[in-house]
Amino acid sequence: MPQFDPASFPSQLFWLAIFFFLLYRLVVKLVMPGLGGVMESRQRTIDEDLAKAADLKARTDAAIESYEAALAEARGKAQAILRETAEEISRESEARNREVGEVLARRIDEGEARIAAARAEALDGVKDVAADVTVALTGKLMGEAAALPAARASVDAVMREAR
Amino acid sequence: MANPVEQFQIEPIVPIAVGPIDLSFTNSSLAMAFAVGLSAALFYAGTRRLSLVPGRMQSLAELFYEFVANMVRDNVGKEGMRYFPFIFALFLFVFFGNLLGMVPGNFTFTSHIVVTGALALVIFIAVTVIGFMRHGVGYLRMFFPHGAPIATAPILIPIEIISYLSRPFSLSVRLFANMTVGHIMLKVLAGFVVALGVVGGVVPFVAVIGVTVLEFFIAALQAYVFVILTCIYLNDAIHMH
């Protein structure tokens, strides 16, 4: 086999050294700075973009959080105001109710007093009339008129019985 | 019918002699020139208009770069990237050497033991030097596996030394034998096609087609194996085991 013929070894090794060295120089001079550089900068760009995206996401989350906190606070405040207002209104209306009730009660009392007075007056009037009628009737019927105070007393007694 | 080993004959193209030593530019040298030229063409075209978003040629060039870079990163780690240019050049040289060898009429320089042997020897020496530079005399611990009982040392150490020293042989013979045998097989089968004529030759012809596909696969695979073993040896030298 020609592979084991040492005569060709020096030339093969010589040209192998030359061409392999050329290829190595090519990789070092052309591939590493060019391709390696651009791939490195691409990786850097991707990493930077990812970092930026993560940063923006964190900021968005923070903004959402603070917005929600503000919202919750505003809602709490609104509820407190609502409660306060409702309490105030109920307090006010209660006070007015009481006031009106008092006025009405006073008027009722007054009215009742007036009615009682009127009724006593009327009863007194009836008593007088009844006594007068008694005196007149006894005079006409028996020829002798009863005394007025006695008539009154008997009218009183009859009325007390009727009640 | 031509002798199947004739295809490995070194033929001078430009005879050069330095004293008694023959340094002729041969068909083997021409094949090396093609492999280097193809690599140069690929990376010249791939880096002409560099952009963050790669074009067609740049993508192809990056494919090669990424493939070998990942191999080095996975097998050697970050420190291994210092030696990436050498490993990348090695891969391109063997890969294009093997594949261009599949072009009919072109010489396969990786089918010569002196070429694969020289590459393997350079790798072996470089790896050993790197190992001693990083670990000093401690690199000799390579020859005694960590945690093995001390009584096994008389057996283990010679075995480890032999396995270490046989690395350049297995590395070079694997590539050389694969390339040589593949090409001989193709030549013999193709000889049958001619010998058996139009009717009988159909069977070996189909076989030749199949073997040709297989040989393309082996050409790529052996380049990969050659380089990944280099990475594994380098990893041993850098991290021990």
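This is a predicted model: local features need pLDDT of at least 70, side-chain atom pairs count only at pLDDT 80 or more; totals for chains, interfaces and linings use all residues.
Chain B averages a pLDDT of 92, and 99% of its residues score at least 70; pLDDT is the predictor's confidence in each residue, on a scale from 0 to 100. Residues are numbered from 1 along each chain as its sequence is written, while chains are lettered from A and ligands numbered from 1 in the order in which they are written. The model scores ipTM 0.91 and pTM 0.74.

Let's start with chain A. Its secondary structure is two helices and zero strands, where helices (H or I, at least four residues) and strands (E, at least two) are DSSP runs numbered from the N terminus. Along its principal axes, the C-alpha trace of chain A spans about 195 × 30 × 15 Å.

Now for chain B, whose C-alpha trace spans about 70 × 50 × 45 Å along its principal axes. It has seven helices and four strands, running β-β-β-β-α-α-α-α-α-α-α from the N terminus on.

Inside chain B, have a look at α1(B) (residues 27-47) and α3(B) (residues 84-100), which pack at an angle of about 115° with axes 9 Å apart. Axes here are lines fitted to C-alpha atoms, for helices over the stretch in contact, and angles run from 0 to 180 degrees between N-to-C directions. On the α1(B) side, Ala31(B), Phe34(B), Ala35(B), Leu38(B) and Ser39(B) meet Leu92(B), Phe93(B), Phe96(B), Gly97(B) and Leu100(B) of α3(B); contact means C-beta atoms, placed from the backbone, within 7 Å. Those residues divide into eight nonpolar, two polar and no charged (Ala, Val, Leu, Ile, Met, Phe, Trp, Tyr, Cys and Pro count as nonpolar, Asp, Glu, Lys and Arg as charged, and the others, Gly among them, as polar).

So where do the two chains meet? In total, 37 residues of chain B are in contact with 31 residues of chain A. On the chain B side, α1(B) gives the most, with ten residues. By class, that side has 25 nonpolar, ten polar and two charged residues.

Technical notes: Two residues are in contact if their C-beta atoms, placed from the backbone, lie within 7 Å.
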